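Dear colleague,

Please find below the structure for your records. A summary of the side-chain contacts follows it.

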Amino acid sequence: MTQGESFVFVSYTSADEKWATWIASMLEGAGLAARVQVWDSLPGQNFVEWMNIQLAGARWTVALYSQAYFASAWCTAEWTAALARRTLLPVRLEPVEPPATLQVLTWVDLFDLDENQARERLLYAVGKQVLPRLAAFPGRTSASTATPIFPGATGAVGHLHSEVERSDPAVTLATALSQLGSTTLAVRCAGIRALERAATAESADPALIDEVTEVLESFLRGTRNAKGARPGAVAPEDLLAAGRILVRIAKNRSFDLSGVDLRGAELNRTNLAGARLAGIDLTNAWLAGADLAGADLAGARLVKVWLKRADLTGANLAGARLDRATLAHARLADADLTNASLAGANLIKAVGLIQKQLESAEGDAATRLPAGLVRPVSWLA
């Protein structure tokens, strides 16, 4: 979802703030813009006015049902307004019975689930199941025939012969590797899904997580020349899913995703500090609050990217395209902006940005600058 398109408003009470931010993060990771008070309502802003704007513009209002939620007068006003607008999407955080008015609506339960199950149920509810939902045939199978995980799979890709094999990391990894080499998008997505489950399981060995990280990184780098760049478009689903999972599981690990196509990726608040991202295409991507300190983004396509409050301290942005990017409140101290294109970029309240950096960059009359800095005379009028 690109900037300016519809969004999801998360309605919650302060007692459920951790749930609200987790849900917002999951929605954004699936390609939906999310609005949540703790992140998006700025200090000094009229809260009632802000809330009314969100309720009026939201594609959905995700109401987080709990005892505290229904005891809140503010939350009652929010769900009442959303109900009237037919945008209400109820999510129960605990086995609470909603008021009679709301009992005609089907809700989603997220309690008593592990994180993967809760995320899948949430994304299903908003119609943004990122990867295919797969199921084995539940009926009787002859002794000589294995049950395929999904139609179209052949050989080792589609056959898992026992519960033991399903839980064997070596089998999972081998199967996923075969799937990643498929020419069919759904098969590749299934492989990525299997890798995610293996790496995020409670019993996952650190060595396995490292191996999955390397596999995903290699997969993304291997597709960089196979995917044709289409400015403004969105990268294929397998690339977006692989990128999202990679930054989620590979904590404190330096990436090498130079030249990778991640257009439209949802990577808000991710850790990409020190990552090698030269030439990466992040057009229309969301990186609000992301840590990109020291990252190599030389020659990267960051057109219309959302970098609000991102940390770009010491990042190499030489020759990068930041046309119409949002860098409001971003930290840019010591960032190399040599020949970087800032045409139409929003740099309002950028932190650490100095005049010398602007003089080395390229901008135009539409570039918005922080107070105290002036437009270089060399920039286009």
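F9, F47, W50 and W74 form one aromatic cluster, where rings of Phe, Tyr and Trp (its six-membered ring) pair if their centres lie within 6.5 Å, with planes under 30 degrees apart counted as stacked, over 60 as edge-to-face and the rest as tilted. This is a predicted model, in which local features need pLDDT of at least 70 and side-chain atom pairs count only at pLDDT 80 or more, while totals for chains, interfaces and linings use all residues. Residues are numbered from 1 along each chain as its sequence is written, and side-chain values use heavy atoms, leaving out hydrogens and water.

The whole structure holds 8 aromatic pairs. One of them is the edge-to-face pair of W19 and W22, at 5.9 Å centre to centre and 90 degrees between the planes.

Two arginines lie over ring faces (CZ of Arg or NZ of Lys within 6 Å of the ring centre and within 35 degrees of the ring normal): R35 over F7, at 3.9 Å from the ring centre, and R269 over W39, at 3.4 Å.

A search for salt bridges (a side-chain nitrogen of Lys or Arg within 4 Å of a carboxyl oxygen of Asp or Glu) finds 11 in the whole structure. R263 forms a salt bridge with D261, the closest N and O atoms being 2.4 Å apart. R263 also meets D281 in a salt bridge, at 3.8 Å from N to O. Salt bridges that share partners join E115, R119, E196, R244 and R248 into one network.

Yours sincerely
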